[in-house]
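Please look over the sequence and the model before reading the report that accompanies them.

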Amino acid sequence: MITIPEAVERIVRKSPFLEEGLTMKIFNLSALARLIRPDVEKHVMKDVQDGAIIVALSRLSRRIQKRIRQTKSAFRTAPDLIVRSNLFEMTFAASETLPLNQKRLLDRTARYPNAFVTLTHGINETTLIAGRDLEAAISANFKDEKLIKKIVGLSSVTLMLPKNTAQTPGVYSHVLKALAMEGINVIEVVSTLNEFTIILEDKDIDSSFSIIKRLF
C-alpha cells in the first residue's frame, strides 16, 4: 500500500499540466485536493481528508520548484539557439544492409561540412533527418531499404547546452513541457552531450523558438 504523498505525486506526475500549475502556483490547493481526492483514495484504498492531500501537494510543489531552480541555475547565460529549416525525415526498418548504407551515406556527406545529417539507430528501425538538398542522394542511397515513413516540411531548434547539464536533472523536460503547454507537437528529439535538437513542423518553428528563448 502506498502513502498519501506517494499517491498525490503519482497523480500529479501523470499530467504535465498539473505539475506546471503547481510550479507556477496558479492552483488553489484546497480546490485541487478536492478534485483529486477520489483518485488518491483509490490508490491508498481508504478514505482521505482534504487536509492530508493539501499538505502533500504543498510539499510536492516545493520540491518541483526546487528542481526547476536547479535546472535554471545550470544556465548562467541563455544558451545559443540555432534554427534550421528545409529538413525531412525518413525511417527505415532494420536490415542486414542498412549499416552499410548508413556508412556509405556518411562517407559521401563528409565532404560537405555544413550538411545537416543525423542518424538514430533503434532496435527495429533507424531514423534519418537531413536537409532537403540531400533528399535525392539519400533516397537513392537507401532505395533498397524498407521505408517505414517519410516526413517533409520540418525545421529544427538546437540548444547549445552548458557542459554541466549532463548531470543536471530536468533540462530536457523543462523545454519539452513548455512546448506541450502551448500545444506544439514535437516530431523528434536528437541529442549529443552538449546539444539538444528538437524537430518540429515548419508551421511551429517561430512560436517554438520564442517559447524556448523566454525560458532562459
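The model is a predicted one, in which local features need pLDDT of at least 70 and side-chain atom pairs count only at pLDDT 80 or more, while totals for chains, interfaces and linings use all residues. Residues are numbered from 1 along each chain as its sequence is written, and side-chain values use heavy atoms, with hydrogens and water left out.

**The sheet**

Helices (H or I, at least four residues) and strands (E, at least two) are DSSP runs numbered from the N terminus, and two strands are taken to pair if DSSP finds at least two bridges between them. On that basis 6 strands make up an open sheet, with antiparallel pairing and the order β2-β3-β1-β4-β6-β5. Because β2 (117–121) and β5 (186–191) stand at the edges with a single partner strand each, one side of each is left without a neighbour in the sheet. From one strand to the next the twist averages 30 degrees, where axes are lines fitted to C-alpha atoms (for helices over the stretch in contact) and angles run from 0 to 180 degrees between N-to-C directions.

Within this sheet, strand β1 (residues 80–93) and strand β4 (residues 147–160) run antiparallel and are joined by 10 bridges, with Leu 87 standing opposite Leu 154 in β4. The β2 and β3 strands pair in the antiparallel sense over 5 bridges and form a hairpin with 3 residues between them; here Leu 119 stands opposite Leu 128 in β3.

**Helices on the sheet**

Contact is counted for heavy atoms within 4.5 Å. Helix α5 (residues 98–109) lies across β1, β2 and β3 (125–131), and runs at about 160 degrees to β2. Helix α7 (residues 171–181) also packs on the sheet, where α7 touches β4, β5 and β6 (195–201) and its direction makes about 15 degrees with that of β6. Relative accessible area (1.4 Å probe, protein chains only) sorts residues into buried (under 20%), exposed (over 50%) and partly exposed (in between). An α-helix has 3.6 residues a turn, so residues three or four places apart point the same way.

**Salt bridges**

A salt bridge is a side-chain nitrogen of Lys or Arg within 4 Å of a carboxyl oxygen of Asp or Glu, and a search of the whole structure finds 8 of them. The table gives some of these pairs.

| Pair | Distance, N to O |
|---|---|
| Arg 37 and Asp 50 | 3.1 Å |
| Lys 150 and Glu 135 | 2.4 Å |
| Asp 204 and Lys 203 | 3.4 Å |

Arg 37 lies in helix α3 (residues 29–44) and Asp 50 in helix α4 (residues 50–73), so the pair ties together parts that are 13 residues apart in sequence; Arg 37 is partly exposed, at a relative accessible area of 32%. Lys 150 belongs to strand β4 and Glu 135 to helix α6 (residues 135–141), so their pair ties together parts that are 15 residues apart in sequence. Of these two, Lys 150 is partly exposed at 35%, whereas Glu 135 is buried at 15%. In the remaining pair of the table, Asp 204 is buried with a relative accessible area of 10%, while Lys 203 is exposed at 63%.

**The largest pocket**

A pocket is found on a 1 Å grid over the protein atoms alone, as an open set of points where a 1.4 Å probe fits, with protein on both sides within 12 Å along at least five of seven lines; its lining residues have an atom within 4 Å of a point. The volume of the largest pocket is about 310 Å³, which is the space filled by probe spheres set on the points, with grid points joined across faces, edges and corners. Its lining consists of 16 residues, and Glu 20, Met 24, His 174, Ala 178 and Leu 215 lie nearest the centre. At least two lining residues come from each of α2 (16–24), α4, α7 and α8 (205–215), and α7 supplies the largest share, 5 residues.

**Backbone angles**

Gly 183, which follows α7, has a positive phi near 75 degrees. Met 45 is not a glycine, yet its phi is positive at about 60 degrees; Met 45 sits in the loop between α3 and α4 and is exposed, with a relative accessible area of 61%. Asn 86, likewise a residue other than glycine, has a positive phi near 60 degrees; Asn 86 is found in strand β1 and counts as exposed at 54% relative accessibility.
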